[in-house]
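Here is a short walk through one protein chain. Keep the structure open and follow along from strand to strand.

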Amino acid sequence: TAGFGEKTEDLVVDGSSVYCASEGKDSSGNGIFTLTKLSTALNTITWERKLHAASGYTTHSEGVDVDSSGNIYVCGNGMDYPTYSNYHMIIAKYNSSGTLQWQRVYHKSGTNVYGTSIAVDGSGNSYVSGTVGNDAVLVKYNSYGALHWQSTLSPSGNASRYRAGCAIDSSGNVYLTNQITVSSKLRVLIAK
C-alpha cells in the first residue's frame, strides 16, 4: 500500500509457486492479514488475498504452508475479529486459485492468543503453534476446518509469540519449539 511499510513473516515454495504470509496495511496504517502467490521467478504476482478485521483493528499473518494438492494454509492473529476483546489466533485455508475454503478463530476469553507457525500433514490436517497467555500452544484442525485438539505447555517461564514454530515428521509426530523467558534469561523449549 502506497505510503505504508509491509513485512513478510514466512514463505513456502511448492515447486511452481511461492506463497508469502505478510502484514500489509490499510489506508489508516492498520495491519492486514495478507497472503500472496507469486511465480518462482518472483516477477509475477498470481494473486493476493487479505483478511480484514473490524475498522481500526489490526490483523497479522505469521505462517504459511501448502499441501500436496496445492491448498494453502495460513495462520496469524488479530484483534476484534469480529468481536473479541483480546488478540486471537486466525487460521485460513485457500485453494490454489486463492478461493477461501474456510477460516477459523481460536481464542480464550480474557487472554491474548497468537498463532505464529503452521504445518500441514499429508491428509490436510493443519497444526498451528503459538502462545496463549504465558503458555505455548499447539492446535490441530482437520482438512475441513474442524478443531481436533489443542494442547498447551506451561513451562517454568513465559513463552514468546515471536519465536514459536512447528513441524511434522513422516510418522505424524508434531514437534513444537518456542522461546521462553526464565529468570530474565532466554531459553529454548522443544516438545514432541
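**A strand and its neighbours**

Strand 9 and strand 10 make a hairpin, with five residues between them. Glycine 124 sits in that turn and has a positive phi of about 85 degrees. The model is a predicted one. Its protein chain has a mean pLDDT of 87, and 92% of the residues reach 70 or more. Confidence is highest in strand 10, residues 126–132, at a mean of 95. It is lowest in strand 13, residues 158–159, at 86.

Stay with strand 10. Tyrosine 114 has threonine 131 of strand 10 as its bridge partner. Strand 10 also pairs with strand 11, residues 135–141. This pairing is antiparallel too, over seven bridges. Here threonine 131 stands opposite alanine 136 of strand 11. Strands 10 and 11 form a hairpin with two residues between them. In that hairpin, glycine 133 takes a positive phi near 65 degrees.

Is strand 10 covered or open? It is mostly covered: seven of its seven residues are buried. Ser126, Val128, Gly130 and Val132 point one way. Tyr127, Ser129 and Thr131 point the other way. Residues of both groups are buried.

Now pick out valine 128, which belongs to strand 10. Its relative accessible area is 0%, so valine 128 counts as buried. What does valine 128 contact, leaving aside its neighbours within four places in sequence? The list includes Cys75, Met89 and Ile91. Gly115, Ser117 and Ile118 are also among the contacts. For a sense of distance, take aspartate 14. Valine 128 and aspartate 14 are 114 residues apart in sequence, and their C-alpha atoms are 19 Å apart in space.

Turn next to charged side chains. How many salt bridges does a search of the whole structure find? It finds two. One joins lysine 50 and glutamate 48, with the closest N and O atoms 3.6 Å apart. Lysine 50 is partly exposed, because its relative accessibility is 31%. Glutamate 48, at 36%, is partly exposed as well.

The other salt bridge joins glutamate 62 and arginine 161, with the closest N and O atoms 3.1 Å apart. Glutamate 62 lies in strand 5, and arginine 161 lies in the loop between strand 13 and strand 14, so the pair ties together parts that are 99 residues apart in sequence. Both glutamate 62 and arginine 161 are buried. Arginine 161 has a ring beside it too. Its charged end sits over the ring of tyrosine 114, 4.1 Å from the ring centre.

Tyrosine 19 and tryptophan 47 form a tilted pair, at 6.5 Å centre to centre and 50 degrees between the planes. This pair links distant parts of the chain: tyrosine 19 is in strand 2 and tryptophan 47 in strand 4, 28 residues apart. Tyrosine 19 is buried, at 1% relative accessibility. Tryptophan 47 is buried at 7%.

Tyrosine 73 and tryptophan 102 have ring centres 6.5 Å apart and planes at 65 degrees, so this pair is edge-to-face. Tyrosine 73 lies in strand 6 and tryptophan 102 in strand 8, so the pair ties together parts 29 residues apart in sequence. Tyrosine 73 is buried, with a relative accessible area of 0%. Tryptophan 102 is buried at 6%. Finally, ring pairs link Tyr19, Trp47 and Tyr94 into a cluster.

Key
Residues are numbered from 1 along each chain as its sequence is written. This is a predicted model: local features need pLDDT of at least 70, side-chain atom pairs count only at pLDDT 80 or more; totals for chains, interfaces and linings use all residues. Side-chain values use heavy atoms; hydrogens and water are left out. pLDDT is the predictor's confidence in each residue, from 0 to 100. Helices (H or I, at least four residues) and strands (E, at least two) are DSSP runs, numbered from the N terminus. Buried means under 20% relative accessible area, exposed over 50%, partly exposed in between (1.4 Å probe, protein chains only). Two strands pair if DSSP finds at least two bridges between them. Contact means heavy atoms within 4.5 Å. A salt bridge is a side-chain nitrogen of Lys or Arg within 4 Å of a carboxyl oxygen of Asp or Glu. Rings of Phe, Tyr and Trp (its six-membered ring) pair if their centres lie within 6.5 Å; planes under 30 degrees apart count as stacked, over 60 as edge-to-face and the rest as tilted. A charge sits over a ring if NZ of Lys or CZ of Arg is within 6 Å of the ring centre and within 35 degrees of the ring normal.
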